Amino acid sequence: MTRKTAGSYELAVEYADSGLSWPEFLDGRPEQPLPAGQVPFLPADRSRAAVYSFGYTHSVVNGAKVEKGRLDFYYKGTGDLLRTDGDRLTSPVPLTSGGIEVEYCAAYCVNKQGEPVYLGFTLANDFSDAGLRHARRNLANLSKLQPTIVAAEAVLEELPPTSAVSASISRDGRVVWQRDGALGRREMLYSPRVLERLLLHRRGLFEAGTVVYLLLGSCISSHKDGAELRDGDVIAMRDTYSGLSLTTPFAC
């Protein structure tokens with residue numbers, strides 16, 4: 001059975017500085033549940049959290065094979081753009097065409113020595129202005145400066161080898177788009193540790209106590225299917241391995 005937590009920022013910092021594994025750290029420690037609807041490990045000062053994403057990391061997206069070597073990278077924003085299950089999804093600027101992607105998001109906390117410590121992973125919706133990204137490749141990085149939705153719990157272990165995931169968009173109570181896919185280490189063209197080294201092993205880039213949320217790439221994309229989001233739509237995502245899910249109302 002997977003061990004999940006809605007852990008606080010204070011828990012993340014204490015764990016990162018402990019040098020222990022999660023089983024050792026949690027042994028004999030009483031549960032400290034948080035109120036529902038909070039992003040795991042998110043600091044009260046949300047500027048102390050940062051969100052990044054990699055793309056073209058999975059061998060199959062929407063059932064089509066992806067060629068290795070197209071890896072890309074984006075900055076998503078500070079922790080102020082993080083949302084969780086049940087929160088409303090809105091864009092801070094007018095959209096060209098909004099798109100959703102089903103991903104795992106790995107969380108890290110930088111310890112006192114300036115080293116990133118892996119905390120766990122959660123299910124995420126990498127939302128972006130996909131229309132802008134494809135119409136104006138020179139502005140692709142701007143397209144990713146959009147809210148990221150993550151589940152309200154994190155799994156305190158490595159990514160599974162594989163897990164079935166699903167996504168849908170419902171409109172007026174009727175499903176108008178649906179896709180199944182697979183996330184996990186065996187589904188990836190690049191291992192999570194490779195992606196981690198590319199970003200996090202850069203001395204001086206992150207201050208001690210920073211929480212980094214790293215989106216590891218999608219296996220399902222609404223934009224690739226030409227699915228358009230409309231005001232009032234409800235987005236649903238589910239991960240079989242962890243049991244984590246997301247339900248997100250969309251508003252223009």
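On a 1 Å grid over the protein atoms alone, a pocket is an open set of points with protein on both sides within 12 Å along at least five of seven lines, whereas a cavity is a set where a 1.4 Å probe fits but cannot get out, and lining residues have an atom within 4 Å of a point. Points are joined across faces, edges and corners, and a volume is the space filled by probe spheres set on them.

The views show a predicted model, in which local features need pLDDT of at least 70 and side-chain atom pairs count only at pLDDT 80 or more, while totals for chains, interfaces and linings use all residues. Residues are numbered from 1 along each chain as its sequence is written, and side-chain values use heavy atoms, with hydrogens and water left out.

**View 1. The second largest pocket, with its lining.** The space in the second largest pocket comes to about 230 Å³. Its lining is made up of 17 residues, and those that lie nearest the centre are Q38, V39, L42, P43 and R46. Strand β6 provides the largest share, three residues. By class, the lining of this pocket holds eight nonpolar, five polar and four charged residues, where Asp, Glu, Lys and Arg count as charged, Ala, Val, Leu, Ile, Met, Phe, Trp, Tyr, Cys and Pro as nonpolar, and the others, Gly among them, as polar.

**View 2. The largest cavity.** Three cavities of 30 Å³ or more are counted by this rule, and the largest of them holds about 240 Å³ of space. G55, Y56, E101, R133 and S218 are the closest to its centre among the 20 residues that line it. The elements giving two or more residues to this lining are β2 (49-55), β5 (72-78), β7, α3 (130-135) and β13 (211-221), and β13 gives the largest share, three residues. The lining of the largest cavity divides into eight charged, eight polar and four nonpolar residues.

**View 3. The second largest cavity.** This cavity has a volume of about 40 Å³, and its lining is formed by V110, G114, P116, L200, R202, G204, L205 and F206. Five of these lining residues are nonpolar, two are polar and one is charged.

**View 4. The buried side of helix α5.** Within α5 (residues 192-200), P192, L195, E196, L199 and L200 are buried (under 20% relative accessible area with a 1.4 Å probe and protein chains only, exposed being over 50%). These five lie on the same side of α5 because they cover an arc of only 100° around the axis, the arc being that of the directions from the helix axis to the C-beta atoms. The elements that cover the buried residues of α5 include β2, β5, β7, β8 (116-126) and β13, with contact meaning heavy atoms within 4.5 Å.

**View 5. Two loop residues with positive phi.** Most residues other than glycine have a negative phi. N62, in the loop between β3 (60-61) and β4 (64-65), has a positive phi of about 55° although it is not a glycine. D172, in the loop between β11 (163-171) and β12 (174-183), likewise has a positive phi of about 55° without being a glycine. N62 counts as buried because its relative accessibility is 9%, whereas D172, at 80%, counts as exposed.

Notes: Helices (H or I, at least four residues) and strands (E, at least two) are DSSP runs, numbered from the N terminus.
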